[in-house]
Amino acid sequence: MKFSVTVTLKKNVLDPQGKVVENTLKNLGMLNLKSIRQGKFFEIEIEEENIDIAKKKVNEMCNKLLVNLIIEDYKIDIVK
Amino acid sequence: MKSSVIVFPGSNCDRDIAVALQKMQFKNKMIWHKETSLPKSDLIVIPGGFSYGDYLRSGAIAGKSLIIDEVIKAANSGCLILGICNGFQILTETGMLKGTLLRNKNLKFINRNVNIRVMNNETRFTSKYKLNQVLNLNIAHNEGNYYTDSNHLDQLKKDNLIAFKYSDSSGNTDDKFNPNGAIENIAGIFNDKKNILGMMPHPERMVDELISNSDGINLFSSLLD
């Protein structure tokens with residue numbers, strides 16, 4: 001099964017990279033741009049057909065390594 | 001006093017800390033991260049550098065190394081642990097120290113000498129310094145912006161677990177003397193048992209007047225006591 005994991009900084013954590021990207025886009029004339037937060041994206045493929053077991057495994061990966069839970073939130077989506 | 005320095009692929013301050021420890025008469029051993037046992041050590045140092053090229057997050061991959069289980073065991077039995085720069089980042093990734101180190105607020109790699117103020121001198125790492133003494137140490141990092149939640153920040157203050165704060169040469173810890181955006185100018189912290197110190201500045205670079213200054217020496221001589 002394939003999953004995608006999106007990791008974003010928690011709302012109260014400063015995102016200086018996102019801020020710079022936001023300011024640059026504004027300088028490029030994107031005047032109605034409200035805000036940008038930068039994050040990470042993982043594509044994960046695992047050999048498991050049971051969706052619940054597979055999702056549990058991906059969740060474990062997030063907690064053990066992919067995500068720093070102090071500063072980041074994550075969202076798991078099933079690709080297929 | 002026996003010390004061990006853990007070496008990861010991408011560590012680059014391991015030789016500097018080894019030279020500093022030997023100069024201070026520690027009997028030091030270098031330990032490769034794939035080892036699964038540690039020699040008997042009074043002090044374990046996680047050195048600075050860019051372990052695993054800072055992939056994923058600084059210190060994240062090194063924090064899952066085989067040897068880390070042994071470091072955690074040693075720490076739990078009271079061994080002194082010192083993490084410098086990337087070593088501090090690795091300690092937070094393992095959970096041995098709480099909080100994390102974010103990208104510098106100005107998004108720039110900062111390599112310069114800064115002043116830090118000793119906030120607690122009643123510990124195994126800082127007893128040879130005076131309280132509020134100002135040290136001039138080198139920092140060289142891209143992710144040194146210490147961050148933690150408000151509960152832990154309260155605990156750091158209440159239990160006197162802040163080791164060093166960025167300051168000016170008179171010890172003022174205003175935000176304008178904060179090089180990287182770290183919460184409350186924090187440059188280094190202890191765990192609650194005060195046997196683990198993580199710090200962004202490099203004391204091992206300040207042990208020789210010929211090439212820098214000697215402000216780092218008392219950290220090592222404190223450990224020898």
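Tutor: Let us take chain A, in which buried residues make up 8% of the 80 residues. The model is a predicted one, and every value below is computed from it.

The overall dimensions of chain A come next. A compact globule of 80 residues would have a radius of gyration near 12 Å, but the value for chain A is 16 Å. Along its principal axes, the C-alpha trace of chain A spans about 50 × 25 × 15 Å.

As to secondary structure, chain A contains 2 helices and 3 strands. Read from the N terminus, these elements follow the order β-α-β-α-β. Helix α1 of chain A covers residues 16-27. This helix of 12 residues reaches 16 Å from its first C-alpha to its last, close to the 16 Å expected at 1.5 Å a residue. In an α-helix there are 3.6 residues a turn, so residues three or four places apart point the same way. After α1(A) comes Gly29(A), which has a positive phi, near 100 degrees. Of the contacts in chain A between residues at least 6 apart in sequence, 67% join residues at least 24 apart.

Chain A also touches chain B: 11 residues of chain B are in contact with 9 residues of chain A.

The partner can be described in the same terms. In chain B, buried residues make up 54% of the 225 residues. A compact globule with 225 residues would have a radius of gyration near 17 Å, and the 16 Å of chain B agrees with this. The C-alpha trace of chain B spans about 45 × 35 × 35 Å along its principal axes. Its secondary structure comes to 5 helices and 11 strands. Among contacts in chain B between residues at least 6 apart in sequence, 75% join residues at least 24 apart.

The largest nonpolar core has 67 residues. Those with the most contacts inside this core include Ile6(B), Ile17(B), Leu82(B) and Ala163(B), together with Ala187(B), Ile189(B) and Met199(B).

Key:
Residues are numbered from 1 along each chain as its sequence is written. Chains are lettered from A and ligands numbered from 1 in the order in which they are written. This is a predicted model: local features need pLDDT of at least 70, side-chain atom pairs count only at pLDDT 80 or more; totals for chains, interfaces and linings use all residues. A nonpolar core is a set of buried Ala, Val, Leu, Ile, Met, Phe, Trp, Tyr and Cys residues joined through C-beta atoms within 7 Å. A residue is buried if 20 or more other C-beta atoms lie within 10 Å of its own, exposed if 12 or fewer, and partly exposed in between; C-beta atoms are placed from the backbone. Helices (H or I, at least four residues) and strands (E, at least two) are DSSP runs, numbered from the N terminus. The radius of gyration is taken over C-alpha atoms; the globule rule is 2.2 Å times the number of residues to the power 0.38. Two residues are in contact if their C-beta atoms, placed from the backbone, lie within 7 Å. The expected span of a helix is 1.5 Å times one less than its number of residues.
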